[in-house]
Amino acid sequence: MDNDHFDDDQCLALLGRAQLGRIALSLRALPVVVPVRYTLNDRDLLFAASGDQLSKALHENIAALQADGFEEDSGKRWTVFAIGPVRRAEGFGDLGLAGSLLSALNVASLEEGDLFRLKPAILSVRWIETG
């Protein structure tokens, strides 16, 4: 399968199946990749990250989220990239998302400053042949 046949909605559908991915960003001019649990909220990716340096580096920066999966029927593996601006997510408790976020992100508690929203500006998928 070729990436040319996948639109943004199809990329988001694949991202919705994974829930575990990696956030890549620059921290003090060095590349950093951090594993995260994430969930889709409309067309945005919500994820939790803690740590002062990481939180400061993420907020109002550009980052990439990558997630992987496979098709059981064909055995083909895929990887999806979502690249875009990241901002702290504000007011998630008021939106009634708190319980579902805790469950989806697999965390016991979530402080408002630890939740981030990546708004994908670029989405792409790559298929990896196995065998």
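Biologist: Why does Phe47 count as buried?

Modeller: Buried means under 20% relative accessible area, exposed over 50% and partly exposed in between, with a 1.4 Å probe and protein chains only. Phe47 has 0% relative accessibility, so Phe47 counts as buried. Please note that this is a predicted model, in which local features need pLDDT of at least 70 and side-chain atom pairs count only at pLDDT 80 or more, while totals for chains, interfaces and linings use all residues. Residues are numbered from 1 along each chain as its sequence is written, and side-chain values use heavy atoms, leaving out hydrogens and water.

Biologist: What makes Phe6 and Trp127 a tilted pair?

Modeller: Rings of Phe, Tyr and Trp (its six-membered ring) pair if their centres lie within 6.5 Å; planes under 30 degrees apart count as stacked, over 60 as edge-to-face and the rest as tilted. The centres of Phe6 and Trp127 are 5.7 Å apart and their planes lie at 45°, so the pair is tilted. Both residues are buried.

Biologist: Why is the pair of Phe47 and Phe116 called stacked?

Modeller: The ring centres of Phe47 and Phe116 are 5.9 Å apart and the angle between the planes is 20°, and the pair is stacked. Phe47 belongs to strand β3 and Phe116 to strand β6, 69 residues apart; strands are DSSP runs (E, at least two residues), numbered from the N terminus.

Biologist: How do you know that Phe116 is buried?

Modeller: The relative accessible area of Phe116 is 0%, so Phe116 is buried.

Technical notes:
Helices (H or I, at least four residues) and strands (E, at least two) are DSSP runs, numbered from the N terminus.
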